[in-house]
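Colleague: I have some questions about packing in this model. Can we go through them one at a time?

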Amino acid sequence: MRTRRLTASQIDEAALLLREGQLVAFGTETVYGLGADACNGEAVARIYQAKGRPSFNPLICHYASAMAAFCHVRPNALAERLAAKFWPGPLTLVLPRAPACPVSKLAAAGLPTLAVRVPGHALAHDLLAAFGGPVAAPSANRSGHISPTRPEHVLEDLDGRISAVLDCGPCPVGVESTVLDLSGETPTLLRPGGVAAEDIAAEIGPLRHGAPPGAALASPGLLASHYAPALPVRLNAEVLQPGEALLAFGAPLPGARTIFQLSARRDVIEAAANLFEGLHELDAKAAVLGLTGIAVQPIPELGIGLAINDRLTRASAPKT
Ligand code: TXA
Ligand code: MG
């Protein structure tokens, strides 16, 4: 795949690529983001694949307006206040998902919350408006590399791995957005960034500071058994045990109480897109069907298969 470099006059083409489920990097005021249709699970899976990330981190969903963002989460008074003050701009708010939120579960790595932000860059805004829906976008770099602030940086890292990069010029802020968790009792700063913590505190009062930047456990998505299903998970199953549900990959093993198919055609991208849906669905059926656990058929340790197995290993870890 050749990565196309698109200019401001080609925003409609960039929006079309997103609609087709392809990856398009675009500039924001903070850093370049690697964008995909947030409601398309397979498109979101391609983000993790392109970044070469061996685990699923929850991603930020980008919106053209606060009104659009607040349709997909449940804003509280503090969120309304901060949005009015700092959006569009380099602030990301973590809020509970709205009941009918259409964003793929994979985008938030299975969490019941969603990180939303309205970027303050004119071209990013125009792209989001032309696309007409949420765009999930982590920074547009390979995993472990530094965040890109120019289209050239994006191409150095991702040329040939994504469909296009929309040239939005150099990013004026140059550091990532501030991530603030408003889903709990106390507003918690998860990542310092483009909006100063003091300026947020001046609006809504004191903040709790989460884990320091760069700490391995800064994001709840990385805690070993966080949001693990209630049922025990058993990997690489060859034979089913009584009462087990099956998370199938390819032709299902015989004898399951119930089956959730990750990918009949053994496609790891499709399996990643369905993973959290499957875990939630089987967990929800546990009591009704008297399930004893979830058995998972072997998934190849290739590409995003690594991230799937990483996630399932965490789900099978003893609860802490
Ligand atoms: O400036 C930015 O925020 C850039 C541009 C592209 O918008 N994006 C960015 O994304 O830096 P990323 O994926 O590199 O960082 C997202 C951060 C991670 O620390 C992640 O753990 C946190 O946001 N995050 C996302 N969703 C979350 C959630 N539901 N709960 C807690 N943390 C979340
Ligand atoms: Mg990043």
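Modeller: A nonpolar core here is a set of buried Ala, Val, Leu, Ile, Met, Phe, Trp, Tyr and Cys residues joined through side-chain atoms within 4.5 Å. Bear in mind that this is a predicted model.

Colleague: Which residues have the most contacts inside the largest nonpolar core?

Modeller: That core has 97 residues. Its largest share, 9 residues, comes from H8. The residues with the most contacts inside it are Phe56, Leu93 and Leu247.

Colleague: Where does this core lie relative to domain 1 and domain 2?

Modeller: Look at who contributes. Domain 1 (4–209) gives residues to the core, and so does domain 2 (233–316). The core therefore lies between the two domains.

Colleague: How many residues does the second, separate core have?

Modeller: Leu240, Leu246, Ala248 and Leu253 are among its members. The total for this second core is 6 residues.

Colleague: Is Thr30 buried or exposed?

Modeller: Thr30 sits in the loop between strand E2 (24–27) and strand E3 (32–37). Buried means under 20% relative accessible area. Thr30 has 3% relative accessibility, so it counts as buried.

Colleague: Which side chain joins that of Thr30 in a polar contact of 3.1 Å?

Modeller: Beyond its neighbours within four places in sequence, Thr30 touches residues including Pro90, Arg117, Cys171 and Glu176. The side chain in the 3.1 Å polar contact belongs to Arg117.

Colleague: What covers the buried residues of H9?

Modeller: Helix H9 spans residues 305–316. Its buried residues include Ile308, Arg311 and Leu312. Their cover includes strand E12 (233–234), strand E13 (244–249), helix H8 (268–289) and strand E15 (293–296).

Notes: Residues numbered from 1 in each chain as written. Chains lettered and ligands numbered in written order. Predicted model: local features only at pLDDT ≥ 70, side-chain atom pairs only at ≥ 80, totals over all residues. Heavy atoms only, no water. Helix = DSSP H or I, 4+ residues; strand = E, 2+ residues; numbered from the N terminus. Expected span 1.5 Å × (residues − 1). Buried < 20%, exposed > 50% of the residue type's maximum accessible area, 1.4 Å probe, protein only. Contact = heavy atoms within 4.5 Å. Polar contact = N/O pair within 3.5 Å; in protein donor to acceptor, adjacent residues only side chain to side chain. Domains from an automatic or database assignment.
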